[in-house]
Amino acid sequence: MQKIHSEASLCIRFVQAKDLEAVLHIYNQGIADRIATLETEAKPFSYIEDWFNSHQGRYAALAAERHGEIVGWAALNPYSQRCAYDGVADLSIYVRREHRGTGVGTPLLSALEEQARRQDFRKIVLFTFPFNEAGQRLYRKSGYRIVGTFEKQGVQDGREIDVMIMEKRLGSGEDVQV
Ligand SMILES: CC(C)(COP(=O)(O)OP(=O)(O)OC[C@H]1O[C@@H](n2cnc3c(N)ncnc32)[C@H](O)[C@@H]1OP(=O)(O)O)[C@@H](O)C(=O)NCCC(=O)NCCS
């Protein structure tokens, strides 16, 4: 098994099929908490199986494991089908509720960025909510800049929600010749 990052009690590696129950549990916590996604209904296992199948190869999914338990995951997602945006990935990151604020998200995001560089992505973009304080803190300290905010972009539980776009150039893009 390839370890992408290992520090103290935390091991970051690629998601494997055996992790999917835990990955789904963590995602469904994120849905229930209403701070990370506009999804409102818990997803069934078939959803995460499809997700896993589409997160092989270039669009990696990483798991953070602590004392044998999956405590978080992060993934690169396609940003656009247009070839001009081939070097741009979107990201998702979710930490198990009980482990948030304990230093999982920071190395997990860093490991995902390293993986993105290895896969020749030039940039990561993300969509987040201005009221997601932990997400904002993680992204800002990791070097993401605010591109702008779509006002009242989504609807959740009957409320209109602002959606903020953030981005980070990964470095190699500075020198890309096209
Ligand atoms: C956002 C999330 C991924 C961050 O992961 P995490 O493991 O909690 O992050 P870390 O423990 O590495 O902390 C990252 C920074 O955020 C800060 N932070 C953590 N929780 C916080 C909170 N509730 N409010 C404010 N800041 C917070 C930490 O202090 C740290 O900053 P510091 O290094 O300056 O002290 C995690 O909280 C999470 O899964 N939230 C629910 C899902 C989600 O919002 N995903 C992102 C969707 S855009």
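**Exercise 1.** Find which helices and strands each supply at least two residues of the lining of the largest pocket.

*Solution.* Start with the terms: helices (H or I, at least four residues) and strands (E, at least two) are DSSP runs numbered from the N terminus. A pocket is an open set of points on a 1 Å grid over the protein atoms alone, where a 1.4 Å probe fits, with protein on both sides within 12 Å along at least five of seven lines; lining residues have an atom within 4 Å of a point. The elements are then helix H1 (20-33), helix H2 (45-53), strand S4 (69-78), S5, H3, S6 and H4.

This is a predicted model, where local features need pLDDT of at least 70 and side-chain atom pairs pLDDT 80 or more, while totals for chains, interfaces and linings use all residues. Residues are numbered from 1 along each chain as its sequence is written, and side-chain values use heavy atoms, leaving out hydrogens and water.

**Exercise 2.** Locate the ligand and describe its shell.

*Solution.* Next, 22 residues surround the ligand (a heavy atom within 4 Å), with Val95 and Lys141 among the closest. Finally, H4 (133-141) contributes the most to this shell, seven residues.

Definitions and conventions:
Sits in = over half its atoms within 2 Å of the grid points. Nonpolar A, V, L, I, M, F, W, Y, C, P; charged D, E, K, R; others polar.
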